Amino acid sequence: GIDLDMFLSRQPKELIIQKVGQQLRINRSRIKDASDTNTDFDDIDSAIRSGYFLKEGLANNEDFYYMNLLITVTASTAEDLEWKVNEMKKLLLSQDMRASACHFREEQAFLSTLPLVSMEKKLYGRSRRNLLTGGAAGCYPFTSYEMCDDNGILLGVNKYNSSLIIVDIFNSAVYKNANMAILGTSGAGKTFTMQLMALRMRRKGIPVFIIAPLKGHEFHRACANVGGEFIQVSPASPHCINVMEIRQVDRSVSALLDGPGITLSELAEKIQRLHIFFSLLIPDMTHEERQLLDEAMIHTYNAKGITHDNGSLADPDCPGRYREMPVLGDLYRVLKGSPDTLRLANILNRLVNGSASTFNQQTNVSLQNKYTVLDISSLTGDLLTVGMFVALDFVWDRAKEDRTEEKTIFIDECWQLLSGAGAMGTRLAGDFVLEIFKTIRGYGGSAVCASQDLNDFFNLDGGRFGKGIINNSKTKIILNLEDEEAVRVQDALHLSDAEVMEITHFERGNGLISTNSNNIMVEFKASPLEKELITTDRRELKELVERMRQGDGAGLE
């Protein structure tokens, strides 16, 4: 019952410049004679500032327009009509807009709203307001960026025009890279959005790997429903990922694409990544200890027959497979044998003979499933960042196998890897995550991270890692943020004040997608089944439990 008619008429620029200059001179002379206590002082001052604004805009090659707005309100009853009119006036007043009724000129107003592009002269003079080209473009109501890619996944509905938001982040013709960053405060719906994307990618046959450092149980229902692999990395879990394992990678696709190339030492590459692991475990490790640890690791692999020659990795008893790899216990014994590395051995003892001795085993899980969740939420303190690195390292080897295969690594609560350890440890961990975001495009993959603690995310090393991840993510999803966090995001993504206001007032299920210099307000949509599988809302979970209990009771009867 609300119709809006907008009229824009461009005015001769030379004439307007002359009029603005003349009015400025008149207002300057009036304000000299007025005292700052006069009631019209503020009006004159505001008129002068508006005049200078128009003058500056016209000097910058903008055009001058008169705009008229006619609002037609219709209703089935007089009472309903009066209520709608009053509500519309209140809404306009809240936006600093004054509405005036067309008393005794209803017929002329009605004729002006007909599609004849003609407005009655007296109404035109009474309702016109001036604006420049930028303002005219900003108030044009029928333009809204759409995101509807072929062969993409459905995320939700555009809040501006109700069009579907369908995204194919792997389309290199549209997106420079397939990386995404999801930012939002606690409870804004980051995990929900991440799982919604993961489920829909899985239905397209895209391998999905999810690393969950907090509340890993929230991913279990969806994982079980799609037949995925749920790996729990915990001191109490039977699952184990041997951090010292040099994993066999299928390089047949790379050989076909590139032909024979330079053979790099897999042992040297593995030891380089193990240094990150031990820097997270022992943040205060000195340079001397790091050198001694390097020698101890080489000695540990040599004891298993593994050298810098990649041919030594092959198992002579089982052709086509790698030798049995050393475990942390083997390295512990080498470190304990020297008084110079005794301190390192004592720290490592926790993972060998202590409460976290499940790390001291051969790998007993697989990443061949196309929906894999690595739950490290049972790890606490320093073991959390260590466990997150182990999971990332494990998944990263799998992601690099086939450059022609689309795959996605989801990192929930990415800030956990950038906080909680020593300065050197966090920098190495941050470098590793940043390396994934910078290079996964070359392996045909996508990295998606979610983070809520933006202070840690943007503060480490002057924001190098947080800003680096954001800059290497072509698509950003911004959910509800607190005011301070919204200001940080505004500086990083160059958002307008109006968009920041929207972000701070988002309800759960709403967000802003920023990609290719365009921002879209979106309402994320999930089917009833998807919602049951991925919801984390307490009330919805309670209703789900009650329905399941009622179903079990009916089955028993």
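Predicted model: local features only at pLDDT ≥ 70, side-chain atom pairs only at ≥ 80, totals over all residues.
**View 1. The salt bridge between glutamate 120 and arginine 105.** The closest N and O atoms of glutamate 120 and arginine 105 lie 2.8 Å apart. This pair connects distant parts of the chain, with glutamate 120 in the loop between helix H4 (106-113) and helix H5 (121-127) and arginine 105 in the loop between helix H3 (78-94) and H4, the two being 15 residues apart. Glutamate 120 has a relative accessible area of 22% and is therefore partly exposed.

**View 2. The salt bridge between arginine 200 and glutamate 530.** The side chains of arginine 200 and glutamate 530 come together with an N to O distance of 2.7 Å. Distant parts of the chain are linked here, since arginine 200 belongs to helix H7 (residues 190-203) and glutamate 530 to helix H20 (residues 528-534), 330 residues apart. Arginine 200 is buried, its relative accessible area being 14%, and glutamate 530 is buried as well, with a value of 5%.

**View 3. The salt bridge between arginine 203 and glutamate 530.** Glutamate 530 also meets the side chain of arginine 203 in a salt bridge, with 3.1 Å from N to O. Arginine 203 in helix H7 and glutamate 530 in helix H20 are 327 residues apart, and the pair again links distant parts of the chain.

**View 4. A network of salt bridges.** Glu245, Arg247, Lys270, Arg273, Asp393 and Asp397 are linked to one another through a network of salt bridges. For the model, the count of salt bridges comes to 21.

Key: Residues numbered from 1 in each chain as written. Heavy atoms only, no water. Salt bridge = Lys/Arg side-chain N within 4 Å of Asp/Glu carboxyl O. Helix = DSSP H or I, 4+ residues; strand = E, 2+ residues; numbered from the N terminus. Buried < 20%, exposed > 50% of the residue type's maximum accessible area, 1.4 Å probe, protein only.
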